[in-house]
Amino acid sequence: MDSFEPDGNGAAQDSLPPPPPVPPDVVPIKAESEPVKKVAPRVPMARRGVGSKGQKISMLTNHFKVNVGSVDGHFYHYSVSLSYEDGRPVDGKGVGRKVIDRVHETYRSDLDGKDFAYDGEKSLFTVGSLPRNKLEFTVVLEDVTSNRNNGNASPDGHDGPNAHDRKRLRRPYQSKTFRVEISFAAKIPMQAIQNALRGQESENSQEALRVLDIILRQHAAKQGCLLVRQSFFQNNPNNFTDIGGGVLGCRGFHSSFRTTQGGLSLNIDVSTTMIIRPGPVVDFLLANQNAREPGSLDWNKAKRVLKNLRIKVIPSNQEYKITGLSDQFCEDQLFSLKQKSMKNENGEAETLEITVYDYFVNHRNVQLRYSAKMPCINVGKPKRPTYIPMELCSLVSLQRYTKALSTFQRASLVEKSRQKPQERMNVLSNALQSSNYGAEPMLRSCGVSISSNFTQVEGRVLPAPRLKVGNGEDFFPRNGRWNFNNKKLVEPARIERWAVVNFSARCDINSLVRDLIRCGEMKGLRIDPPFDVFEERNQNRRSPPVARVENMFEEIQSKLPGAPQFLLCLLPERKNSDLYGPWKRKNLAEFGIVTQCLAPIRVNDQYLTNLLLKINAKLGGLNSMLSIEQTPSIPFVSKVPTIILGMDVSHGSPGQSDVPSIAAVVSSRQWPFISRYRASVRTQSPKLEMIDSLFKRASDKEDEGIMREVLLDFYTSSGKRKPDQIIIFRDGVSESQFNQVLNIELDQIIGACKFLDENWNPKFVVIVAQKNHHTKFFQQGSPDNVPPGTVIDSKICHPKNNDFYLCAHAGMIGTTRPTHYHVLLDQIGFSADDLQELVLSLSYVYQKSTTAISVVAPICYAHLAASQFGTFMKFEEASETSSSHGGVTAPGAVPVPQLPRLKENVCNSMFFC
């Protein structure tokens with residue numbers, strides 16, 4: 001601080017008067033913040049041009065052209081405040097729309113007949129202004145019990161458990177008075193939409209498009225749809241498909257407005273969400289727990305899954321929210337019933353202690369067939385429970401299921417929601433027609449009209465890159481695929497010291513080993529006979545997974561002369577084996593042994609070849625590579641040392657708020673190759689999307705971040721060269737987070753480089769890959785998917801920013817989902833063609849398969865590495881019982897457990913393959 005250097009304007013600081021003395025207890029702030037001001041935040045780059053290589057192809061896309069008639073008008077944004085008569089704020093979701101609809105009906109003339117677009121919470125929009133900047137209304141809603149925040153009414157209006165409480169509350173709960181305050185917040189010019197289409201995006205243009213999206217949501221809400229962001233699901237059993245466990249897949253539609261080069265468009269796509277199976281609560285619980293009869297249900301589990309779900313009760317047909325289950329079974333659960341006919345000496349009604357079962361059967365004459373030996377459903381408050389026998393309760397339709405799906409549920413959902421391109425187009429045309437947006441008054445009042453035709457776009461099909469395999473052979477993949485029939489691996493590893501471990505899988509191990517060695521030989525992979533086969537002892541089979549792995553390792557250590565190079569592990573279950581995580585952790589983190597797991601169900605030569613591809617990659621071999629790596633002739637990348645990174649963050653399942661997120665960074669090594677990678681993985685705060693451990697300064701000389709180990713590995717594996725170019729592929733971030741990637745994450749990476757060498761200034765390319773979008777492409781006049789290598793960089797791309805869509809893979813089933821690449825920064829200066837070809841080439845270097853994949857390999861590897869480390873930790877068990885189940889924790893609120901570090905001899909391997 002006391003060095004006198006010229007400041008940023010070039011004026012020498014010593015011409016200023018000396019600063020006043022600083023008191024000892026004061027920390028000067030101004031000088032600290034000065035440098036920060038000089039750096040303007042980075043923003044996504046503009047498009048420099050479009051590509052021209054490849055064969056032209058005409059396609060249709062699920063964007064529908066939108067015309068906006070009124071350009072001069074304004075949207076007016078108002079804040080909405082809802083409260084009860086006594087001033088308490090309304091917190092229940094779902095009530096807001098009913099209240100605002102009633103305001104609209106009752107006070108239409110006071111509102112100049114204006115239509116509303118209401119987001120269901122605190123924002124309301126109109127076209128043109130309301131008569132005054134602040135309006136207050138009082139409305140009465142008759143039956144609020146059907147909403148999600150009902151109170152303590154008894155199941156059908158008779159005196160019931162807690163009837164005296166209900167009596168006191170009867171008036172307010174049958175009809176409720178609400179106070180509504182609408183106050184002016186902002187004015188949004190519709191012209192902002194036109195500006196955005198010319199590439200001049202602003203806060204106003206984002207708000208104006210948000211208003212249009214809110215109009216679509218409101219339109220769907222009025223039709224009784226379940227709303228999930230911009231997707232809408234109707235209560236139509238034809239759209240439901242059972243995926244097991246009491247969960248249904250529900251098909252609906254996504255629709256949102258997008259600004260594109262071709263103007264404003266409405267993007268409509270098929271969307272699927274999971275809902276709870278409606279109907280009797282008991283039937284749902286049996287399906288959810290895969291139980292045969294109610295006696296075998298786990299009621300603690302049932303309580304967790306039922307909490308906050310809505311039910312209808314017979315015979316009254318009233319709706320309630322479940323708050324819990326009774327502690328005792330229906331035949332034992334007591335409550336106090338007031339006896340009107342019996343009064344004590346003070347003239348008050350006497351209370352009778354009675355069971356819920358007795359009350360319903362004898363006092364209400366309700367037949368109960370099977371509720372006696374089950375808990376009751378509680379729909380009351382914690383201190384004032386209201387119990388209802390389970391068989392009288394049915395789950396209401398369209399309630400989202402937000403917990404993680406099992407492997408089998410996910411597979412079933414994917415299989416049942418697939419649609420061929422032609423079928424999807426028909427469904428989307430019908431959806432647009434039946435949505436009847438033309439009749440929506442708010443859209444009409446801003447002059448919005450929507451075309452009913454799919455938008456036509458021009459694409460280009462890029463040729464597949466030439467691949468190199470063993471014996472100097474090279475070839476072009478056909479239709480995004482190839483195989484290793486009569487081919488050798490380009491760089492086969494040698495497998496010498498290895499053994500087989502069998503965790504009670506049924507299998508003829510001798511013939512498996514014989515076939516594996518034979519297949520390896522055909523591919524040029526030398527495999528010696530295994531040292532031994534370790535069979536799990538019968539007495540260990542019922543032990544917990546960690547103990548089974550420990551026992552097996554004790555046996556391996558006692559019989560093997562030294563650490564093996566490789567272990568082949570046979571698991572009894574094909575998916576989600578409990579042994580997988582502990583086994584991988586033991587091998588990689590404690591012993592540094594490469595391992596390959598398999599569940600030997602259908603073992604043939606094709607299966608064994610795929611297995612060998614994974615084993616070879618893990619042991620440092622290469623299966624195939626790009627011919628342009630060998631020459632080397634990749635534009636820009638081959639001339640100057642270049643590292644390619646893939647970055648991804650994987651989060652815990654929805655509803656698990658205390659499961660740490662896992663950040664993975666995969667990096668290329670041995671430049672000029674771009675087919676070999678390693679991974680660094682760290683935990684971070686739950687649900688935190690930005691990677692916070694790229695640069696972690698521990699002291700003046702110590703950096704514990706990911707980038708340091710990435711850069712040092714590149715340096716040692718690439719002939720002591722530092723990368724002068726760093727190409728970053730980032731997965732899983734939305735458009736609203738692009739600036740954070742460019743500023744928060746990139747600043748950390750630059751910090752890590754400068755920490756290693758102050759004078760080092762590498763050039764950066766930052767590309768975000770998105771799979772989670774709703775744009776699809778269809779071949780005109782063909783039932784097939786678009787061919788692999790199809791790229792689109794015009795018409796439906798961003799009006800200004802540098803983005804393109806690429807379908808690198810061959811879509812064999814369903815409709816191909818293109819990857820949307822956003823080039824946020826390019827300091828190297830790639831042409832559009834060179835960059836698109838590089839991205840396509842990186843879809844062909846995935847060592848696990850003989851196909852082009854849908855997204856660049858480094859991102860795929862980052863995803864695999866994060867998933868594999870997730871199995872090490874098995875966080876889920878802690879989370880199931882956590883108190884914040886289903887809640888949301890602020891990032892950083894939970895101490896994050898650290899991941900184990902891999903042993904030195906495997907940490908630079910492709911262990912994640």
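Modeller: Contact means that heavy atoms lie within 4.5 Å. This is a predicted model, in which local features need pLDDT of at least 70 and side-chain atom pairs count only at pLDDT 80 or more, while totals for chains, interfaces and linings use all residues. Residues are numbered from 1 along each chain as its sequence is written, and side-chain values use heavy atoms, with hydrogens and water left out.

Colleague: With that in hand, which residues does Asn616 touch, not counting residues up to four places away in sequence?

Modeller: Asn616 touches Leu489, Glu491, Pro492, Ala493, Leu525, Gly621, Leu622 and Asn623, once residues up to four places away in sequence are set aside. Asn616 itself sits in helix 15, where helices (H or I, at least four residues) and strands (E, at least two) are DSSP runs numbered from the N terminus. Asn616 and Lys848 are 232 residues apart in sequence, yet their C-alpha atoms are 9.6 Å apart in space.

Colleague: Is Asn616 buried or exposed?

Modeller: Buried means under 20% relative accessible area, exposed means over 50%, and partly exposed is in between, with a 1.4 Å probe and protein chains only. Asn616 has a relative accessible area of 0%, and is therefore buried.

Colleague: How many of these secondary structure elements does the protein chain have, and what share of its residues counts as buried?

Modeller: The secondary structure comes to 22 helices and 39 strands, and 53% of the 913 residues count as buried. Among the contacts in the protein chain with a separation of 6 or more, 73% are accounted for by residues 24 or more positions apart.

Colleague: Where is Ser624, and what surrounds it?

Modeller: Ser624 is in the loop between helix 15 (605–618) and strand 30 (625–626), and with a relative accessible area of 7% it is buried. Not counting residues up to four places away in sequence, Ser624 touches Lys468, Val469, Trp482, Phe484, Val490, Ser675 and Gln847.

Colleague: And how should I read Cys507, which is in a loop too?

Modeller: Cys507 lies between strand 25 (498–502) and helix 12 (509–522), and its relative accessible area of 30% makes it partly exposed. Leaving aside neighbours within four places in sequence, Cys507 is in contact with Leu512, Leu570 and Pro600. Of these, Leu570 is 63 residues from Cys507 in sequence and 8.8 Å away in space, C-alpha to C-alpha.

Colleague: How does one describe two packed helices?

Modeller: Two packed helices are described by the angle between their axes and the distance between the axes. The axes are lines fitted to C-alpha atoms, for helices over the stretch in contact, and the angles run from 0 to 180 degrees between N-to-C directions. Here the axes of helix 14 (residues 580–591) and helix 20 (residues 857–873) come within 7 Å and cross at roughly 100°. Helix 14 is therefore roughly perpendicular to helix 20, given that angles under 35 degrees count as roughly parallel, over 145 as roughly antiparallel, 65 to 115 as roughly perpendicular and the rest as oblique. The contact is made by Tyr580, Gly581, Lys584, Arg585 and Leu588 of helix 14 together with Gln868, Thr871 and Phe872 of helix 20.

Colleague: How do the axes of helix 17 and helix 18 compare with those cut-offs?

Modeller: The axes of helix 17 (residues 706–717) and helix 18 (residues 738–756) come within 9 Å and cross at roughly 60°, so helix 17 and helix 18 are oblique to each other. On the helix 17 side the contact is made by Met707, Arg708, Leu711 and Leu712, and on the helix 18 side by Ile749, Ala752, Cys753, Phe755 and Leu756.

Colleague: Finally, what should I expect of the backbone?

Modeller: Most residues other than glycine have a negative phi, and most peptide bonds are trans. The bond from Ile314 to Pro315 is cis, with omega near 5°, and Pro315 lies in the loop between strand 13 (310–313) and strand 14 (318–321). The bond from Trp671 to Pro672 is also cis, with omega near 15°, and Pro672 is in the loop between strand 32 (661–668) and strand 33 (677–684). As for phi, Asn290 has a positive value near 55°, and at 72% relative accessibility Asn290 counts as exposed.
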